[in-house]
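Keep the 3D view open as you read.

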Amino acid sequence: MTPYAGIRQSLTITDLQSMKQSGEKISCLTAYDASFSALLDAIGIDVLLVGDSLGMVIQGHHSTLPVTVNDMVYHSRSVAQARKRAFVIADLPFASYASPKQALQTAARLMQEGMVQMIKLEGARSEVIACLVDQGIPVCAHLGLLPQSVNRSGGYKVQGRDAGQAEAILADAHQIQAAGAGLLVLECVPAQLAAEIASRLRIPVIGIGAGAACDGQVLVLYDMLNISTGIRPRFSKNFMAGAESIADAVQRYHQAVKSMQFPAQEHSY
Ligand code: KIV
């Protein structure tokens with residue numbers, strides 16, 4: 001008997017890749033604490049993303065930029081400890097992965113102290129991705145709208161609307177896959193572009209505001225529960241409308257993703 005016999009495994013990156021191959025949609029929500037982690041996990045949400053969106057929905061900032069590595073470690077650990085089945089990903093926060101060396105230090109903290117299974121980073125950072133993957137750290141890349149670069153891009157806008165921009169995003173997607181990324185989050189891009197990227201890449205593509213053809217969907221939990229302050233983005237949906245409880249709303253989201261009823265055209269660009 002191996003020392004691993006009897007260890008109950010959560011989902012792995014291989015499971016997510018098999019889901020892409022079999023055509024089963026991947027359901028993903030953000031989570032920031034143990035209670036929501038356990039609730040989402042019990043309903044069967046496949047992936048919990050400890051997003052740096054916590055800077056906005058938990059800490060009340062106007063962007064994700066003030067979030068620190070310590071914040072991410074704290075919330076990641078709370079989420080990771082409370083789930084049984086779900087795959088857990090955490091964001092590398094703003095300016096914590098400027099070089100491969102710095103990225104490795106940050107990612108190691110999130111894996112060791114935060115106990116997550118994969119880290120996510122924004123942009124086509126091939127050198128950083130290759131270094132992390134080489135050290136055994138699975139990487140989820142994030143392309144399209146990059147919230148950490150909002151000051152450079154001038155706002156939260158749909159990306160890839162013109163042909164040149166669309167080609168650049170497609171090229172970046174191929175580049176991050178070649179560098180070893182195991183997953184891609186695509187945010188706020190036209191549905192047609194996202195469909196092309198998802199069909200061309202081997203790795204699963206999780207969309208947020210990227211249409212129904214992605215291999216999975218993610219939403220910010222507090223947006224879909226309708227408790228975020230401010231305007232809910234067009235690509236999100238209030239799943240509390242008509243639901244009996246928070247658990248019911250999450251269940252409805254999970255079913256809608258699996259049956260491809262969410263996102264509808266009205267949530268896409
Ligand atoms: O931080 C976050 O919640 C995210 C999602 C918007 C994908 O990155």
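Start at the side chain of Asp52, where an N or O atom is 3.1 Å from an oxygen atom of the ligand. The side chain of Asp91 also has an N or O atom 3.1 Å from a ligand oxygen, and for the side chain of Lys120 the distance is 2.8 Å. A polar contact here is a pair of N or O atoms within 3.5 Å; within protein, one must be able to donate a hydrogen and the other to accept it, and residues adjacent in sequence count only if both atoms are side-chain atoms.

Before going on, please note that this is a predicted model, in which local features need pLDDT of at least 70 and side-chain atom pairs count only at pLDDT 80 or more, while totals for chains, interfaces and linings use all residues. Residues are numbered from 1 along each chain as its sequence is written, and side-chain values use heavy atoms, with hydrogens and water left out.

Which residues are around the ligand? Besides Asp52, Asp91 and Lys120, they include Thr30, Leu49, Gly51, Ser53, His142, Val185, Glu187, Ile208 and Val220. To be counted as near, a residue needs a heavy atom within 4 Å of the molecule.

Now for the open spaces. Rolling a probe the size of a water molecule over the atoms shows where empty space is left. On a 1 Å grid over the protein atoms alone, a cavity is a set of points where a 1.4 Å probe fits but cannot get out, and a pocket is an open set with protein on both sides within 12 Å along at least five of seven lines; lining residues have an atom within 4 Å of a point. Grid points are joined across faces, edges and corners, and the volume is the space filled by probe spheres set on them.

The largest pocket has a volume of about 870 Å³. Its lining has 38 residues, and Met56, Tyr156, Val220, Asp223 and Pro233 lie nearest its centre. Among the elements that each supply at least two lining residues are β4 (118-122), β6 (183-187) and β8 (216-219); helices (H or I, at least four residues) and strands (E, at least two) are DSSP runs, numbered from the N terminus. By class, this lining has 19 nonpolar, ten polar and nine charged residues. Here Ala, Val, Leu, Ile, Met, Phe, Trp, Tyr, Cys and Pro count as nonpolar, Asp, Glu, Lys and Arg as charged, and the others, Gly among them, as polar.

Let's follow β8 next. In a regular strand the side chains alternate between the two faces of the sheet. Gly216 and Val218 point one way from β8, Gln217 and Leu219 point the other way, and all are buried (under 20% relative accessible area, with exposed over 50% and partly exposed in between; 1.4 Å probe, protein chains only). Strand β1 (residues 26-30) runs parallel to β8 and is joined to it by four bridges, while β7 (residues 205-208), also parallel, is joined to β8 by two; strands pair if DSSP finds at least two bridges between them. Gly216 is the bridge partner of Ile26, and Ile206 stands opposite Gly216 as well.
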